[in-house]
Amino acid sequence: MAKRVAIIGGGSSGLCAIKACLQEGLEPVCFERSRDIGGLWRFEENPEDGRASIYRSVIINTSKEMMCFSDFPIPEDFPNYMHNSKIMEYFRMYAQHFDLLRHIRFRTSVDYIPYMDELACQLGVKPNLLTLFLTDPRLALEVAFGPCTPYQYRLRGPGAWAGAREAILTQQQRIIKPLQTRHVEERPSALAVPLIFKVVGAVAILAAVFAYF
Ligand SMILES: Cc1cc2nc3c(=O)[nH]c(=O)nc-3n(C[C@H](O)[C@H](O)[C@H](O)COP(=O)(O)OP(=O)(O)OC[C@H]3O[C@@H](n4cnc5c(N)ncnc54)[C@H](O)[C@@H]3O)c2cc1C
């Protein structure tokens, strides 16, 4: 019997989670608290309680090639940076193409899941901080006090990744790097007027003014 998987929310993340589960032979059940798919991309004139929503005129700020689901390109004739209504159209096409709607229970809200740690514990991927402090204090400090990033759940258990330690220890640098200002060499502007011409010009203007009065 296929394993059942609960998916919370029928926004873009929920839709592709349903599809991925189906591909793996799992049985997804998606719980969506509102009456429709799309999450924040479904614009409603009157905001729904508890659902974030875009405003009427929002246009995507990542290109359609970046924003599309990797196995379902946004149609060629859709603009690169499109209005939110076109993105909703695309989500509906995706849901229809992979027959996802029948796995969604609309108007069903799921209670708050306290924290990622609870799931991580159940899966056996939660880092053991005490052991880490004894064996690798530098890493332990970063896990305990650094930003909570997904790599820390790849240190052990199923899906353990050899690069996880390095990724955790270098995450701050990777965040900062693109924000650093670049060193730009100053080049003399081709339009700049040489100083000698400026001085001569100023003298000529002064001479003309004195000659006139
Ligand atoms: C103004 C704005 C502009 C953006 N522009 C872009 C962009 O151009 N490109 C881009 O890629 N990303 C953009 N984003 C990021 C956007 O968050 C993602 O594109 C996408 O909407 C995230 O999808 P999601 O499914 O994770 O969350 P959401 O779209 O928020 O969907 C969450 C869904 O879960 C449901 N839900 C929540 N809690 C529960 C519960 N307890 N029980 C049941 N259902 C629940 C909600 O009703 C909702 O349908 C933008 C975000 C904003 C706010």
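Q: In S2, what is the bridge partner of Ile 8?
A: Phe 31 is the bridge partner of Ile 8. Keep in mind that this is a predicted model.

Q: How many bridges pair S1 and S2, and in which sense?
A: Five bridges, in the parallel sense. Strand S2 covers residues 27–31.

Q: And what is the strand order in the sheet?
A: The order is S1-S2-S3. The sheet is open, has three strands and pairs in parallel.

Q: Which strands stand at the edges?
A: S1 (4–8) and S3 (104–105) do. Each has a single partner strand, so one side of each lacks a neighbour in the sheet.

Q: What does helix H1 touch?
A: H1, residues 12–23, packs on the sheet and touches S1, S2 and S3. Its direction makes about 170° with that of S1.

Q: Zooming out, how is the chain divided into domains?
A: Domain 1 is 4–105 and domain 2 is 125–179. Their centres, taken over C-alpha atoms, are separated by 31 Å.

Q: Now the ligand. Which residues come nearest?
A: Ser 13, Glu 32, Asn 61, Thr 62 and Val 110, of the 20 residues around the ligand.

Q: Which backbone atoms lie by ligand nitrogen?
A: A backbone N or O atom of Val 110 lies 2.8 Å from a nitrogen atom of the ligand. For Arg 33, a polar backbone atom is 3.1 Å from a ligand nitrogen.

Q: How much of the ligand's accessible area does the protein cover?
A: 67% of the 990 Å² that the ligand has on its own.

Technical notes:
Residues are numbered from 1 along each chain as its sequence is written. This is a predicted model: local features need pLDDT of at least 70, side-chain atom pairs count only at pLDDT 80 or more; totals for chains, interfaces and linings use all residues. Side-chain values use heavy atoms; hydrogens and water are left out. Two strands pair if DSSP finds at least two bridges between them. Helices (H or I, at least four residues) and strands (E, at least two) are DSSP runs, numbered from the N terminus. Contact means heavy atoms within 4.5 Å. Axes are lines fitted to C-alpha atoms, for helices over the stretch in contact, and angles run from 0 to 180 degrees between N-to-C directions. Domain bounds come from an automatic or database domain assignment. A residue is near a molecule or strand if one of its heavy atoms lies within 4 Å of it. A polar contact is a pair of N or O atoms within 3.5 Å; within protein, one must be able to donate a hydrogen and the other to accept it, and residues adjacent in sequence count only if both atoms are side-chain atoms. Accessible areas come from the Shrake-Rupley method with a 1.4 Å probe; for residues, only the protein chains shown count as cover.
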